[in-house]
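Here are my notes on this model, in numbered points. Have a look at the fold with me as you read.

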Amino acid sequence: MMFSYDCDVAYDCSIEVIAKMCEDTNATMRVIEANGPAGGNPHLSFEFNNADDKYAFIERFGSNCKHRTLLSA
């Protein structure tokens, strides 16, 4: 079973920061929409093999809201 967390990511959040976020929480990342509505923030899906990793990611970088802008960590 795959677990996912979809969110917008701040435009100034570098790919290096996103890669580190994924590494720290055993996540993979998939681009849903490179440019959000009206050229806005990228919409990404972070995917996890288990619920514990997903909730660790949310606790560290987001909230339990499905759509949230993540800021550089």
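1. Lys20 and Asp24 sit four residues apart in helix α1, about one turn of the helix (helices are DSSP runs of H or I with at least four residues, strands are E runs of at least two, and both are numbered from the N terminus). Lys20 makes a salt bridge with Asp24, with 2.9 Å between the closest N and O atoms; the term means a side-chain nitrogen of Lys or Arg within 4 Å of a carboxyl oxygen of Asp or Glu. Lys20 is partly exposed at 43% relative accessibility, and Asp24 is partly exposed at 30% (buried is under 20% relative accessible area, exposed over 50%, partly exposed in between, with a 1.4 Å probe and protein chains only).

2. Please keep in mind that this is a predicted model, where local features need pLDDT of at least 70 and side-chain atom pairs count only at pLDDT 80 or more, while totals for chains, interfaces and linings use all residues. Residues are numbered from 1 along each chain as its sequence is written, and side-chain values use heavy atoms, leaving out hydrogens and water.

3. Asp24 also meets Arg60 in a salt bridge, at 3.2 Å from N to O. This pair ties together distant parts of the chain, with Asp24 in helix α1 and Arg60 in helix α2, 36 residues apart. Arg60 is exposed, at 52% relative accessibility.

4. Glu47 is buried, with a relative accessible area of 18%, whereas Arg30 is partly exposed at 42%.

5. Lys54, in helix α2, deserves a look. What is the nearest side chain of opposite charge to this buried lysine? It is Asp6, 8.4 Å away, and Lys54 has no salt bridge (Lys and Arg count as positive, Asp and Glu as negative; His and the chain ends are not counted). Beyond its neighbours within four places in sequence, Lys54 is in contact with Phe3, Ser4 and Phe48, contact being heavy atoms within 4.5 Å.

6. Now for the core. The largest nonpolar core has 15 residues, and Tyr5, Val9, Ile18, Phe46, Phe48 and Phe57 touch the most other members. Two or more residues come from each of β1 (3-9), α1 (15-25), β3 (43-48) and α2 (51-61). Such a core is a set of buried Ala, Val, Leu, Ile, Met, Phe, Trp, Tyr and Cys residues joined through side-chain atoms within 4.5 Å.

7. On the overall fold, the chain has two helices and four strands, arranged along the sequence as β-α-β-β-α-β. Of its 73 residues, 34% count as buried. Among contacts between residues at least 6 apart in sequence, 68% join residues at least 24 apart.

8. Two loop residues are worth checking. Asn26, between α1 and β2, has a positive phi of about 55° although it is not a glycine, and Asn26 is exposed at 52% relative accessibility. Asn35 lies in the loop between β2 and β3 and is in contact with Gly40 and Asn41, leaving aside neighbours within four places in sequence.
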